[in-house]
Amino acid sequence: MALKLLPLAYPLRSLRVRWTSSAYSAIGIALSVAVFSAILSLRAGFQEAFSETGREDVAIYLRPGATSEGESGIRKEQIELLKKGRPEIATDADGVPLAAGESYLALNLARLDGGTTNVPIRGIEPMSLKVHGADLRVVEGRPISFGADEVMVGRPLANRIRDCRLGDTLQINYGKFRVVGIFDHGGAYTSEIWVDADRLAGAVKREVRQRVMAQMKPGVSIETVAQELEGDKQTPMKVLGERAYFASQTGALGSTLLVLGLLIGGIMGIAAMLGATNTMLASVGSRTREVGILLSLGFGRLAIFLSFLLESALIGLAGAAVGLLLVVPLNGIETGTTNFQTFTEATFAFRITPGLLLDATIFAVVLGLIGGAAPAWKAARMLPTQALRRQ
Amino acid sequence: MSSSSQDRRGRISIAGVRKSYTRGTEEVTVLSGVDLEIEAGRVVALMGPSGSGKSTLLNLIGGLDVADEGRITVDDTVITALRADELAAWRSRHVGFVFQSFNLIPVLTAQENVELPLLLQPLSKAQRKEQARYALEIVGLADRAGHRPGQLSGGQEQRVAIARAIASDPTLILADEPTGDLDRTNADAVLQMLRRLADELGKTVLMVTHDNAASAFAHQTVHLDKGALAGVAHA
Amino acid sequence: MSLFTLLRRNLLRHKLRNALTALAVAVALFLFCFLYSVITTLKSAVTSSSADRVVVQSAVSLFMDLPKTYTAKLADVEGVESVARWNWFGGVYRDPSNFFAQFAVDPEIFLAQFKECVITPEERAAWLADRRGCLIGRALARKFGWKIGDTIPLIGTIYTRPEGAAWEFTVRGIYSSSKTNLDESTLWFQYEFLDESIVNGGVQGPKGVGVFYVKTKPGTSLAEITQRIDARFEGDEQRTLTQTEAAFQAGFITMLGSVPAFLSGIGGAVLFAILFSVVNTMMITSRERTKELGVLQALGFRRAIGARLLLFESMLLCGLGGLAGLALGASTEGTFREMFGTQIPGYTVEPLTLVIGVAIALAVGAAGGLFPALQARGLRVADALRAEA
Ligand SMILES: Nc1ncnc2c1ncn2[C@@H]1O[C@H](COP(=O)(O)OP(=O)(O)OP(=O)(O)O)[C@@H](O)[C@H]1O
Ligand SMILES: [Mg+2]
């Protein structure tokens, strides 16, 4: 026997009749969805900016034991030895190794909206620009010239940090550096200030560099290089791919955001679900007679169960739509927090991705379904005589 | 009952009462100038086709609704001149309502339902209990005092509702189709009871009814049609 | 029998629905209590900061060390009572996820400056006598099950020993803190030991001093001494940034950027969502109660009574739910303190937070009941009586 289903119009009409109540529980779900997806879109933006960028053919050399550049320190002699002596490093047309000894420091700078923060500054060499040239766009001004007290600043910093606009002068210890360019990079470097490594060393009186960044020859396995250099006598180094390095720097913040999103979104979701259950209970309660009539007309329990369940799923769907409408304007808004793994300010934007839209919608519908399951079950379990008798 | 109709209380006089509702843009005249005198201590049946304005008139007398025009006086009180809160206070002292669908509060027991209007009277807790008890005795349900409405039959529910209506010893009992949901036997018992309220306790009882048998229990039957008086018959 | 009987019975009539609503409020208030306590805990480090200490760091970067020669120069600045060197160590115990703070400090001066660091005289003597000894916080000891005499191996990330060998510190004392500016999750060891290891122990790492904690003489103006110190080092090797301890601590909070605002935003959204849930329930309730309200009026109760009953019912419901949520929030204080021992050290639920919570719960109840109550007020008796049960 075929299942006699109730027409789709039935739950729709019911939603319309009780529209205030339906709307309230939809809004409850919408707000949960909004918070849930806001946090996750922050994480998506963060991942887009950090973890998922970085090149597979670029290797990072750090001092053994260091987990980030801030902790690392490599003497200049060692840097020269590495650049000249390592066979895995690619060379340019003139046979010069595509490698740079870079310094890194978290500058204590004032934020435009008050307070101070730690902004990473990277001392670079000409080869840094050559290796990253393809991914890095100077959107205003020009790149720094080496040998001059000049800096170029990542685009999001220009609007957040004092003295970082084109033409400003940034003081570092006793050095006065002119901002000559604003650059954009699809990844983590956008949060940095770039400067000539030698000029920076002069200003802060610190010769030691933090890492060597080098482009690998085609086919080189970074893992093999890492094993080789781990116990090296002359230049012991910790080597990892650029992509893996970024991921290791941001893993904790990324997972904190994920946990935060799931935890807070989840707790709010529970509250919203309870609201949906109430709406559905009321809906079922006030239609007791109606259910009795449907049952006596020959509709099955499953049909009634499904019809009520559909009603609550629709509430969830409406909630998803409203909730996503609330967060979509966040897309692209830049914000920042300190990444406590590196203790530096990480700037990133809210990113609403298609995957996130789908997750949020599923989240909302599931909330609606769970909220509606018990009331729908209650409706389906009624005895026709009972249902008809009850006022 | 020795008191003469002059010193009995519960005399109603209605003069030129009009009432209309607006439904959307359309204006519906429900009462188009009703004049009526009801003597104290009488049972009056208000009859007429559905939609003729019976309930509306009853509600106006009980002060549940406000007339557009005209004047309703109960004894010395011109109720059409009272404000909402004054009306509520007046109702609590002078009017008892009985509804077709009983309208007992489902979460309260019979005893508590009857006590409810007594909360508005200057009575002690014990007095309230006592008086509610007495009202239940009058309707013959003292043994059901602890039951909730859901545990009573329709006829019993309506008798509890009557007990509630008389608990605060009002002058006026207003009943809207009190037997509408009851079978013949129960309906007759309720009608009998309403008649006794007038005969033995001197209350004025005004009941809206479709039940032709009801006129047998009334001193007077008033017919309403399309919002106007269509005739008055004395028993 | 009184109107309260009616209220109580009505609340119990729809046990499931009202329980769900109260539960929703409880969940929201629990979340509020947690989020708000995170913020107050973070801020308490600032408010409880000492009024006689200032912190000297490099003006360039918190991670740029200052020359060791600055120690003596600082001691000569007018108004300075004592100077303690602090270096962030950043060692890893077994796995990076076991993160906790470690500092190399001048032990005697540190203990003299931080009276809030409470240890017994025996522990104090034992630590001062052992160059490789360390002092650990009570929370830290509990978390890892360390006792006095245990050895803690740490892999250096900033200060690396040859061949990546572990540093080993022996626990000589377990401190408790008498003020919230000092957490109980830190390890302290002797600066001299660190310095000696760099100078002739083959250890690699920065050779300077991370920050100086300076205790000022009584009666010294903090505003003046911070300026005096910075002026003293203007033109010297490294420019300095000197801040009061409160400002230094506040710096860590501003580093969180929009996080506190974000948490507040979430808290607001949660309460807003709950408000809708409560309004929803109360609307359902009032719709069901419409006829009852009509009956009450027909019996001669004033129109406002019905509305007040609804409002009161709503506030009672939310008040009870709120109390449950806050009770949970207060009773999980210890659990969260353990759980977030290193991220949010000293997690504390302040009494004021609970008071605010109760006020919010009642306000949500009032707001949730208000709309239906107003609707009930506006209802005409005759219409109410015509309503479906
Ligand atoms: N609040 C209202 N708004 C609009 N129209 C109303 C309202 N109350 C009553 N009416 C209309 O007034 C007319 C009279 O109603 P009323 O309830 O007085 O009739 P009735 O004589 O009691 O009928 P019945 O015997 O069916 O109870 C009807 O047409 C009804 O639709
Ligand atoms: Mg009628």
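I started at B:Asp169, which sits in the loop between helix 5 (154-167) and strand 7 (172-176) of chain B. I took helices (H or I, at least four residues) and strands (E, at least two) as DSSP runs, numbered from the N terminus. This is a predicted model, where local features need pLDDT of at least 70, side-chain atom pairs count only at pLDDT 80 or more, and totals for chains, interfaces and linings use all residues. Residues are numbered from 1 along each chain as its sequence is written, chains are lettered from A and ligands numbered from 1 in the order in which they are written, and side-chain values use heavy atoms, with hydrogens and water left out.

**Backbone**

I looked up phi of B:Asp169 and found a positive value, near 55°. Most residues other than glycine have a negative phi. B:Asp169 is exposed, with a relative accessible area of 52%. Exposed means over 50% relative accessible area, buried under 20%, partly exposed in between (1.4 Å probe, protein chains only).

I then went to B:Asn103. Its phi is also positive, near 55°. B:Asn103 lies in the loop between strand 6 (95-98) and helix 3 (110-115) of chain B. Is B:Asn103 buried or exposed? B:Asn103 is buried, at 8% relative accessible area.

**Ligand 1**

I found ligand 1 between chains B and C. The shell has 14 residues around ligand 1, and B:Ser50, B:Gly51, B:Lys54, B:Ser55 and B:Thr56 are the closest. A residue counts as near if one of its heavy atoms lies within 4 Å.

I checked polar contacts (a pair of N or O atoms within 3.5 Å). A ligand 1 oxygen is 2.4 Å from a side-chain N or O atom of B:Ser50. For B:His210, that distance is 2.9 Å. For B:Glu177, it is 3.3 Å. Taken alone, ligand 1 exposes 630 Å², and the protein buries 76% of that. I noted that these areas come from the Shrake-Rupley method with a 1.4 Å probe.

Which element gives the most to the shell? Helix 1 of chain B does, with three residues.

**Patch on chain A**

I listed A:Leu358, A:Ile362, A:Val366 and A:Ile370 as a nonpolar surface patch of about 350 Å². Patch residues have over 30% relative accessible area and no salt bridge, with nonpolar side chains (Val, Leu, Ile, Met, Phe, Trp, Tyr) joined within 5 Å. A salt bridge is a side-chain nitrogen of Lys or Arg within 4 Å of a carboxyl oxygen of Asp or Glu. A:Ile370 belongs to helix 11 (residues 354-381) of chain A. A:Ile370 counts as partly exposed because its relative accessibility is 46%.

How values were computed. Polar contact = N/O pair within 3.5 Å; in protein donor to acceptor, adjacent residues only side chain to side chain. Patch = residues over 30% accessible without salt bridge, like charges linked within 9 Å, V, L, I, M, F, W, Y side chains within 5 Å.
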